[in-house]
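Subject: Structure for you to look at

Hello,

Here is the structure I promised. Please open it beside this email and follow along.

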Amino acid sequence: MGFLETEKLEKYLAICITLMVCTTRLSMAAGTFFYVLSILLGILMWHKQKTIKVSKASMLYVFAYMAFLVTLLPSVLFSGAIVSSFKEFFNAFCYRAIVFGLMICFIRRKEYVVNMLLTFMAVTCVDCLVAGYQLAIHFGTGAFKGVRGWGFGSNVLTLAGVMTMLMPLVLVFIYDASIESKLKKVAKALLGCLAIGLWSNKSRSTWLFIPITVIPVFWQYIRKNTRQLMALALVVVLAGGAVMANPVYRNRLLSIGNVTTDRSNGDRLEAWKSSVEMFKDHPVTGVGIGQWRKAYQEKYKSDKDTQGLVHAHNNELQLAAEAGTIGLLGFLYFCLSCIVESFKSWRKDENPYDLIIFSIFFGYIVLFGQIEYVLDNSSGMRIFWFLVACMLQLKLEERE
């Protein structure tokens, strides 16, 4: 049957994955539908191909992540709630990473990868514009009514995390001469939309982290260009002046260190303290994967917590509390392996895709993971794995 030919299945898979990453924030149901359909197509392709070829570069990331997963198993087995803990382990750490496996195993054609990226970037443009519109019309309910824009859905920090991943990618696409023109054109449009998203989302974390993640990009491309350096300095001065001239944004920026009246900061601090206490009481395997919320509410919740937080808002402290020393070491090994590998490959070959992978890992998993438990963000992690896989496949195609 023609529609079951491998080339056709690859095209269908590319379409379904693209629809998944483009709808995952807009509709959980739609995102899940296209994700499950992608997984079924992957299983069918696996059955037809019999053997799967994966690049050596991709396998380094696979091995590092598999090692991390193995270190989480003791915290599942000794959690005291094996069923619920295993469900969380599978959902948070296995299920959401499947898109990475589907991409590196079955999406081989550069044309498909480029079109997938183009579509996602175009949708993100609209996402950021929606956030700007929400702020302009004072849309929303509750604490964020008329205060912050969050785009298509989920929560305000999800859009902030996506922008943290995309900003260095966009700049590399614009500056690197080897990137094809279609990606450059959409990247330029997305850069303006990201500026609108950063202004309307008002995420202090992105204001802090994006300047850090783009330093390697500017070092690679404009450190010797006086004109571009002057233009960059002008942009920084104008952006800083706009923030400081607006009382709302100035107060927002200055509130970063406020842990008393700003409960967004203060409650995080209380959750971090409680996570340390959990780790002290369960230093080897933790309280169990997915058990932080229950342990926090039953025993460790601080009286100063005004929001009733459901996680630690920090990757390392969450894993230290839930998975103990074993799981935390596994996570640190995974992060260091991927960051060091991408950094070494970039410095060796000056490959733009390695630079993007390094920036995404460092910006989202490490930096953004200090104020948010990103490993438990369904939309954010699917997009993360999608972007990393796209860069690895483009890198592979370029070498071939």
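A residue is called buried when its relative accessible area is under 20%. Cys338 has a relative accessible area of 1%, so Cys338 is buried. Keep that cut-off in mind, because the word buried rests on it below. Keep in mind too that this is a predicted model.

**Overall build**

The chain has 17 helices and zero strands. Its radius of gyration is 21 Å, close to the 21 Å that the globule rule gives for 400 residues, so the chain is as compact as a globular protein of that length. Along its principal axes, the C-alpha trace spans about 60 × 55 × 40 Å. Of the 400 residues, 53% count as buried. Now take the contacts between residues at least 6 apart in sequence. Of these, 76% join residues at least 24 apart.

**Cysteines**

A disulfide is a covalent bond between the sulfur atoms of two cysteines. How many disulfides are there in this model? The count comes to zero. Take Cys22, which is in no disulfide. The nearest cysteine sulfur belongs to Cys390 and is 11 Å away. Cys338 is in no disulfide either. There, the nearest cysteine sulfur is that of Cys335, at 7.3 Å.

In soluble globular proteins, nonpolar side chains tend to be buried together. The largest nonpolar core here has 116 residues. Helix H7 (residues 156-175) gives the most to this core, with 15 residues. Which residues have the most contacts inside the core? They are Phe93 and Phe386. Leaving aside neighbours within four places in sequence, Phe386 is in contact with Ile17, Val21, Val99, Met103, Met116, Leu117 and Phe120. Another core lies apart from the largest one. This other core has 10 residues, among them Met278, Ala295, Ala312 and Ala321.

**Rings**

A search of the whole structure finds 30 aromatic pairs. Look at two of them.

- Phe68 and Phe93 have ring centres 5.8 Å apart and planes at 85°, so this pair is edge-to-face. Phe68 is in helix H3 (residues 56-77) and Phe93 is in helix H4 (residues 82-94). The two are 25 residues apart, and the pair links distant parts of the chain. Both are buried.
- Trp292 and Tyr296 have ring centres 4.5 Å apart and planes at 15°, so this pair is stacked. They are four residues apart in helix H14 (residues 292-300), which means that about one helical turn separates them. Trp292 is buried, at 0% relative accessibility. Tyr296 is buried as well, at 0%.

Charged side chains also sit over rings. Arg109 lies over the face of Tyr112, at 4.7 Å from the ring centre. The charged end of Lys202 sits over the ring of Tyr249, 5.1 Å from its centre.

Where is Thr18? Thr18 is in helix H1 (residues 6-23). Is Thr18 buried or exposed? Thr18 has 9% relative accessibility, so it counts as buried. Apart from neighbours within four places in sequence, Thr18 is in contact with Met116 and Thr119. Thr18 and Leu118 are 100 residues apart in sequence. In space they are 9.8 Å apart, C-alpha to C-alpha.

Best wishes

How values were computed:
Residues numbered from 1 in each chain as written. Predicted model: local features only at pLDDT ≥ 70, side-chain atom pairs only at ≥ 80, totals over all residues. Heavy atoms only, no water. Buried < 20%, exposed > 50% of the residue type's maximum accessible area, 1.4 Å probe, protein only. Contact = heavy atoms within 4.5 Å. Disulfide = S-S within 2.5 Å. Phe/Tyr/Trp six-rings, centres within 6.5 Å; stacked < 30°, edge-to-face > 60°. Lys NZ or Arg CZ within 6 Å of the ring centre and 35° of its normal. Core = buried A, V, L, I, M, F, W, Y, C linked by side-chain atoms within 4.5 Å. Rg over C-alpha atoms; globule rule 2.2 N^0.38 Å.
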